[in-house]
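Notebook open, structure loaded. I want to look up the charged pairs first, then the surface, then the overall fold.

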Amino acid sequence: MKIGELVERTGVNHRLLRYYEEQGLLSSFRAGGGGHRHYGDDAPGTVRRIRALLSAGLSTSVIRDILPCASGSGLDFDFEACTLRKLRGHLDGIDERLDELQRMRTSLAGLIADTEAGALATV
């Protein structure tokens with residue numbers, strides 16, 4: 001199918017589809033003498049998976065790793081072990097960042113409290 005048909009079937013604009021290609025998330029091929037992009041029959045499902053994974057907050061590099069593991073069509077993923085492992089790893093990374101932010105917040109709140117207590121004691 002040509003890019004225009006993929007746009008119609010997915011609701012994703014031309015620029016985003018080209019971006020997905022640049023990021024290695026979507027494949028196209030040039031057929032005939034016109035040099036127009038053509039996509040396989042599985043492209044609409046791939047685009048829907050990309051959109052769902054982006055909506056879940058995954059980066060394009062994580063999605064690039066996960067897409068070969070995903071099977072099925074539409075948004076009904078049949079995740080294989082490699083997909084779940086990658087998603088769990090990403091979730092663990094988010095949890096680690098949240099823990100670090102909480103430690104930083106606690107430290108900063110303590111510094112503010114100590115500073116305010118010291119400032120009030122000298123006034």
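Entry one, helix H5. I started with Glu100 and Arg103, which both sit in helix H5, three residues apart, or about one turn of the helix. Their side chains form a salt bridge, with N to O at 2.8 Å. I looked up the cover on Glu100 as well: its relative accessible area is 36%, so I put it down as partly exposed. A reminder to myself that this is a predicted model.

Entry two, the other pairs. How many salt bridges does the count come to? I get three. One of them joins the side chains of Glu5 and Arg9, at 3.8 Å from N to O. Both of these residues belong to helix H1 (residues 3–10), and they are four residues apart, again about one turn of the helix. Glu5 has a relative accessible area of 38%, so it goes down as partly exposed. Arg9 is partly exposed too, at 46%.

Then I turned to Glu21 and Arg37, whose side chains meet in a salt bridge of 2.9 Å, N to O. This pair links distant parts of the chain: Glu21 is in helix H2 and Arg37 in strand S2 (residues 36–38), 16 residues apart. Is Glu21 buried or exposed? Buried, because its relative accessible area is 18% and the cut-off for buried is under 20%. I also listed what Glu21 touches, leaving out residues up to four places away in sequence: Leu26, Ser28, Arg37 and Tyr39. Helix H2 itself covers residues 14–22.

I found a negative patch made up of Asp92, Asp95, Glu96 and Asp99. Asp92 is in helix H5, which spans residues 81–122. I have Asp92 as partly exposed because its relative accessibility is 43%. There is a nonpolar surface patch as well, formed by Leu98, Leu101 and Met104, with about 310 Å² of accessible area together. I checked where Leu98 sits, and that is helix H5 too.

I noted five helices and two strands, and along the sequence they run α-α-β-β-α-α-α. Of the 123 residues, 26% are buried. The accessible surface comes to about 8,200 Å², and carbon and sulfur atoms hold 53% of that. Last, I looked up contacts with a separation of 6 or more: 44% of them are between residues 24 or more positions apart.

Technical notes. Residues are numbered from 1 along each chain as its sequence is written. This is a predicted model: local features need pLDDT of at least 70, side-chain atom pairs count only at pLDDT 80 or more; totals for chains, interfaces and linings use all residues. Side-chain values use heavy atoms; hydrogens and water are left out. Patches are made of residues with over 30% relative accessible area and no salt bridge: like charges are joined within 9 Å, nonpolar side chains (Val, Leu, Ile, Met, Phe, Trp, Tyr) within 5 Å. Accessible areas come from the Shrake-Rupley method with a 1.4 Å probe; for residues, only the protein chains shown count as cover. A salt bridge is a side-chain nitrogen of Lys or Arg within 4 Å of a carboxyl oxygen of Asp or Glu. Lys and Arg count as positive and Asp and Glu as negative; His and the chain ends are not counted. The place of a charge is taken as NZ of Lys, CZ of Arg, CG of Asp or CD of Glu. Buried means under 20% relative accessible area, exposed over 50%, partly exposed in between (1.4 Å probe, protein chains only). Contact means heavy atoms within 4.5 Å.
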